[in-house]
Amino acid sequence: MKRIVLLFGGDSCERDISIISGVQAYENIDKEKYEVIPVYFYSSEFYRVFDMNVDGFISFDASKADKIEFTKGGIRTRGIFGRKIEKVDAVFICAHGGNGENGSLQGFFDILGIPYTSSEVLASGVGMDKIATKYVVSSLGINTVEYVAITSGNEIDYDKIEEKLGYPMIVKPSRLGSSIGIERVSSREALVHAIELAFYYDNRVLIEKALVGFDEYNCAAVKTDAGVLIGEIEKPSVKDNMLGFADKYLVSGKMNGGYRELPANISEELKKEIETATLRVYGALGMKGAVRIDYLYSEGTLYLNEVNTIPGSLAFYLFENKGITYRKLIDIMIDNALKEKERDKKLIKYYNSSVLNCVKTSANKLIK
């Protein structure tokens, strides 16, 4: 039986959504096939939890939880007879945003030699950064909405922004998800306020020309033994030309299942264009695990909007029409993580040379 750490939470504005994804994954993972260890990533620490009820995370008390440490190939816990190390076969990551999705956590597990189910450092970092995403997908010949990128600490040329984009505009923190910190603006005063708000969340801010009268489409992909599987395309509902956090997740104080057209009622030509773009991005960045890519379609032109390397609920519902249940999706992701690690082990990591022998007698001279 494989021992799997189910990791969720994280130091992120999307922590609550990550908890929900973690609980969903725990409920769907095959516990007859895997020994599952739920671990909550909270305030830069890791806690082993034994009750996967959402209520327990509303006011999480770290002092009453079992803190664990990741170590080479496993986790270290404190028990009655002192510390013990448990081997871990893989980490199933359900952390959205922040250090859980931007490549930091992935690099951490790379160093420790623990397989994980998400994309690696490069793809995670690019996918998390909306500005970097635009650089990469543009090089692949995929359209993105016209934009201006600004960085905290630099002077902002509002005249230049208005001249290039015109109103209305969309202002976004570059490395945040779930539509947090996003504002649609139609005046200089609103633009200044929106940029100030976005800088509370991130030091990099993206300003885009706001499309008027567009449709949004989402497409998911996951790597399997047979290649990259493309999920069904959905058309989510869009309110006032923009989906905010509350539109995505809340209705009258309750969780919003959200209206979506699934599968999207679109032409075969548009479907093929979306699927082709998804495959190109997934392949070019060497992505792994379940990834969801969001698109905007306006006046006959398709624009790539965002890349989600660890999407909410792992976008499991986009694979169901393909005959892939949530449980099967989890199996695919874990299996792929384990096989990728085996392939990685075969790579040459060290190169023996005579460089040190050549310089050992003069090392003191070299470092003076």
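Me: What should I know about the model before reading values off it?
Reply: The model is predicted, so local features need pLDDT of at least 70 and side-chain atom pairs count only at pLDDT 80 or more, while totals for chains, interfaces and linings use all residues. Residues are numbered from 1 along each chain as its sequence is written, and side-chain values use heavy atoms, with hydrogens and water left out.

Me: ok, how many salt bridges are there?
Reply: The count comes to 27 salt bridges, where a salt bridge is a side-chain nitrogen of Lys or Arg within 4 Å of a carboxyl oxygen of Asp or Glu.

Me: And what does Lys288 pair with?
Reply: Lys288 forms a salt bridge with Glu120, at 2.2 Å from N to O. Glu120 lies in the loop between α4 (104-112) and α5 (121-128) and Lys288 in the loop between α10 (268-284) and β17 (290-298), so the pair ties together parts 168 residues apart in sequence; helices (H or I, at least four residues) and strands (E, at least two) are DSSP runs, numbered from the N terminus.

Me: Is Lys288 buried or exposed?
Reply: Lys288 counts as buried at 11% relative accessibility, buried meaning under 20% relative accessible area, exposed over 50% and partly exposed in between (1.4 Å probe, protein chains only).

Me: Switching over, which residue does Glu340 meet?
Reply: Glu340 meets Lys223 in a salt bridge of 2.6 Å, N to O, and this pair links helix α11 (residues 326-345), which holds Glu340, with strand β12 (residues 215-224), which holds Lys223, 117 residues apart. Salt bridges that share partners join Glu120, Lys223, Lys288, Glu340 and Arg343 into one network.
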